[in-house]
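Look over the sequence and the structure shown here before reading on.

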Amino acid sequence: MSDPAEKLCDWARAGDLSAASELVALFYERVYAFFRRLCRDNEDAADLTQKTFAKVWTSLGSYSGRSSFSTWIHGIGYHVYVDWRRKKNPAEARSDEWWEACVAEGPSPFENAAERELAGQLFALVEQLEEGMREVVHLHYYQGLSIQETANVLNVATSTVKYRMRGALSRLKAGAVEPTT
Amino acid sequence: MNDETIENLLRKAPALAAPEELRNRLQTQIRLPQPEPRRVEALEPRTWLRRFMPALSLAAFFVACVLAIGIQTSELSQLKRENEALRAATQNLDQLRAGNQEFKRLQAQAQELEQLRKGSLETQRLRSEVEQLRAQLAGAEQVKAENQRLQAVRPVNSGNPGTNATDDFFAQAQARAERIMCVNNLKQIGLAARIWANDHGDVSPMDFLSMSNELVSPIVLKCPSDKSRSVTNWSDVAAGNVSYQMDAPGIDEKEPNVVFAECPIHHNILMVDGSVQQMSDERIKAAIKIIDGKKVFMP
């Protein structure tokens, strides 16, 4: 049990409130970002994040350590999102400006304006992908989960994740237009 | 644009800023599940019986099953042994029964043989007596001839008072010899009748001619005192030249006291069992009763 999150989980399970606060500090941004990209709304993302952590606390006793804590919490978040999506129609695709407005403060990850323009175009195309492909892109590329973890969160086989990734990349390749410099 | 470029760009997706108040809100909403206090009774040492009750129950059930199977197997094997013993006893019983029947049959044959042997001895004894009497008769004939010769030589002047006495003596001896020969004949007839009955379901023959194979000679069917008949062969017998009278033709041998044949001259009677009774007329009249048309000797 080398993962510090799992140690914190054990302590929180034993009733350690500070460990639970540490877990919130470790994961709330990733969970919030996951929901915000999927829901495209700040309020909804905050609500879903709260629901996710509420489920985490009630289900903490059932965490057995078979997968990493990150995978486990993303799995809970994914199911919370699915329940939410069933109740509410997904929002329209956001514009590039929305993406610009959402980004956290700090140095830009893109090297130049052309790359940033291409990335914004790709991100917009991702939002137009089918649900399964879009979830795979979000979890694997945006959230940084491995293919195995993505498969565990979605409760599908790794081959399915790979298949959806290949489909998403071919769609994005077909849809993306090289910017003229 | 290749896949690697797209993947790199996707991985460079900018981190989205989360509101700080969300963190505070989440931390204030932490509701950790209270760890359940360990139940006191769970820590209390369970009694030995309560702890091992399931195992003991299972073991007791298993032992009971084994015991039941063992008892049943034992009873089954015992029943099998008894069955085998009864079967063997039944086989022995059949053998013993067959042996007993064979023994009874042999015993009956032995008795019959013994009776025949006695009859044969009696016949031999009578035959020897007859021979002796014949010899005596021959001697008497010789003495008689000598006596006649002496009488012829003796002067005729006086009467002969001893002649009648001598004749009476010889006549009596002759009559006694003939009577004994008659008994002998009846004995042989009885023996032949028993041999015939033995081959024909223990029933006596219907006539004397039926016993032609059993009788040594047809001469025995003629009483020596019966001067009116001459029996030399079986054709004479077929013609009815028999001195003896058959009183109970076809009689069953289970009635041994019934008179089978008799001599009308000497009144010797031959019983169904082969014995011959030689007695006076008065005694015969007193001893023989007529029952169901049969003459039954009841002394």
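**Briefing on chains A and B**

Buried residues make up 20% of the 299 residues in chain B; a residue is buried if 20 or more other C-beta atoms, placed from the backbone, lie within 10 Å of its own, exposed if 12 or fewer, and partly exposed in between. This is a predicted model, in which local features need pLDDT of at least 70 and side-chain atom pairs count only at pLDDT 80 or more, while totals for chains, interfaces and linings use all residues. Residues are numbered from 1 along each chain as its sequence is written, and chains are lettered from A and ligands numbered from 1 in the order in which they are written.

**Chain B: overall build**

- Chain B has 8 helices and 6 strands; helices (H or I, at least four residues) and strands (E, at least two) are DSSP runs, numbered from the N terminus.
- Read from the N terminus, the elements of chain B follow the order α-α-α-α-α-α-α-β-β-β-β-α-β-β.
- Of the contacts in chain B with a separation of 6 or more, 53% are between residues 24 or more positions apart; two residues are in contact if their C-beta atoms, placed from the backbone, lie within 7 Å.

**Chain B: paired strands**

- Strand β1 (residues 245-246) of chain B runs antiparallel to strand β2 (residues 259-262) of chain B, and 2 bridges join them; two strands pair if DSSP finds at least two bridges between them.
- β2(B) is also joined to strand β3 (residues 269-271) of chain B, by 3 bridges, and these strands run antiparallel.
- A261(B) in β2(B) stands opposite M246(B), and its bridge partner in β3(B) is L270(B).
- β2(B) and β3(B) form a hairpin with 6 residues between them, and H267(B) in the turn has a positive phi of about 60 degrees.

**Chain A: helix α4**

- Helix α4 (residues 69-87) of chain A has 19 residues and should span 27 Å at 1.5 Å a residue, which agrees with the 27 Å between its end C-alpha atoms; the expected span is 1.5 Å times one less than the number of residues.
- Buried residues in α4(A) include F69(A), W72(A), I73(A), I76(A) and Y81(A).
- The cover over the buried residues of α4(A) includes α1 (4-13), α2, α3, α7 and α8 (147-154) of chain A.

**Where chains A and B touch**

- Chain A gives 41 residues to the contact and chain B gives 27 residues.
- On the side of chain A that touches chain B, the largest share, 11 residues, comes from α2(A).
- By class, that side of chain A has 29 nonpolar, 6 polar and 6 charged residues; Ala, Val, Leu, Ile, Met, Phe, Trp, Tyr, Cys and Pro count as nonpolar, Asp, Glu, Lys and Arg as charged, and the others, Gly among them, as polar.
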